[in-house]
Amino acid sequence: MKRGLYIHIPFCKQKCNYCDFASYAGQESQLDAYLGALAHEAVLYKEIGCRTLYVGGGTPSLLAEHQLRRLAKIIRKNFKEIAQFDESTLEANPESLTPAKIQTLRELGFNRLSIGLQSFNDSELKTLGRVHNAAQFTAAYQAAREGGFTNINVDLIAGLPGQSLESFLGSLRHLVALRPEHISVYGLQIEEGTPFFKQGVVCDDALMRRMLEETRACLTQAGYHHYEISNFALPGYEAQHNTNYWQNGEYLGLGCAAASYRCGVRRQNTANVEDYIFDMENGKTPIVFSERLTGPAQEGESLLLALRQLDGVEPTAGQMQLFGPAIEKHIQNGLLTRVDKKIKLSEEGLYLASEVMRSFVAPFDEEACK
Ligand SMILES: C[S@@+](CC[C@H](N)C(=O)[O-])C[C@H]1O[C@@H](n2cnc3c(N)ncnc32)[C@H](O)[C@@H]1O
Ligand code: SF4
């Protein structure tokens, strides 16, 4: 079973202007209690087999060295040594990824880092509300290399307010010159409730599309494999933990707001840090949402996840029965292509993926889904 283990660390030094992840600024004083709560939750799933580990956030690199060691102990006691996972990633922000933490992370067995850069332009970073500047990213990246990390992902965002195509490509080229093994490029999403949303920031869809087209051309030319809508890897460095999500694999999520998918049931923990700590200290469940995916909902979900991968997917007989007409419609309108028995996003479909995916999410289009 290719199950993944995800651990959420919901603390950040400062909240970025675009972010709607479950992450909170100024609550670091709760970190020790939070780790205690994680220890309680992990016991509930003791010895469940997991192949990959992803410690995400929030900002996991905010943890001090002794807290990283405590987290490793929780993982070791209930699952296995971090070094025994096929892939073990920690998400890091440049300003808190110090040489001493890098050394600790290597000692603990982490073999992959995912660093959020977003842009190499300091004024764009300021607009985003990032704590770091470009020089701090470069220093952290070099320290990670010197510290022995040979598998590093870096995140960029395209379509920032006021960002020109030239400025975005400048960031991308600067990053490619560093040769990280993996690059994720996301188009900026304006999420409800964020400062960007409240300020009325709007995306220039045409410009964003140019940026994403140029990203694909530039990274492919530089030897990166475009294997998922937003993800590029040097051959052999495709993210194993995330690939398991796209292949509809199981995952166990621990911590505040963490989601799990096991035995066809999707569950989500409370996104409130205090509630999570209170529940775990008092033997209550932190799960606030649970649903069993069955029938069209399950078939649609696994199809849309698989279609995020550029290789595409061979639909099952059940999926063809449910979604054959919708698939046909997208082949006709040029967003999907058929290659042998597989279907996959076309070049055009890559940039209009949400339109395709909508066909596989309830409520289903009566016309297209019979
Ligand atoms: C879990 S998040 C944050 C990880 C880490 N705390 C950081 O900020 O680097 C992972 C990535 O999602 C992307 N992201 C988050 N919010 C986004 C948004 N509203 N639009 C586009 N990309 C976003 C960013 O590139 C970010 O690095
Ligand atoms: S983008 Fe990252 S650092 Fe910024 S608030 Fe979200 S989780 Fe925290």
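Start with α1 and α2: select residues 31–43 for helix α1 and residues 65–78 for helix α2. Axes here are lines fitted to C-alpha atoms, for helices over the stretch in contact, with angles from 0 to 180 degrees between N-to-C directions. Helices are DSSP runs of H or I, at least four residues, numbered from the N terminus.

This is a predicted model, where local features need pLDDT of at least 70 and side-chain atom pairs count only at pLDDT 80 or more, though totals for chains, interfaces and linings use all residues. Residues are numbered from 1 along each chain as its sequence is written, and chains are lettered from A and ligands numbered from 1 in the order in which they are written.

Now show the side chains between α1 and α2: L31, L35, L38, A39, A42 and V43 of α1 meet Q67, R70, L71, I74 and N78 of α2 (contact means C-beta atoms, placed from the backbone, within 7 Å).

On the α1 side, pick A33, Y34, A37, H40 and E41; on α10, V273, Y276, I277, M280 and E281.

Last stop, ligand 2: around it, select C12, K15, C16, C19, F21, S23, G57, G58, T59, N93 and G116 (C-beta atom, placed from the backbone, within 6 Å).

Note on methods
Helix = DSSP H or I, 4+ residues; strand = E, 2+ residues; numbered from the N terminus. Contact = placed C-beta atoms within 7 Å.
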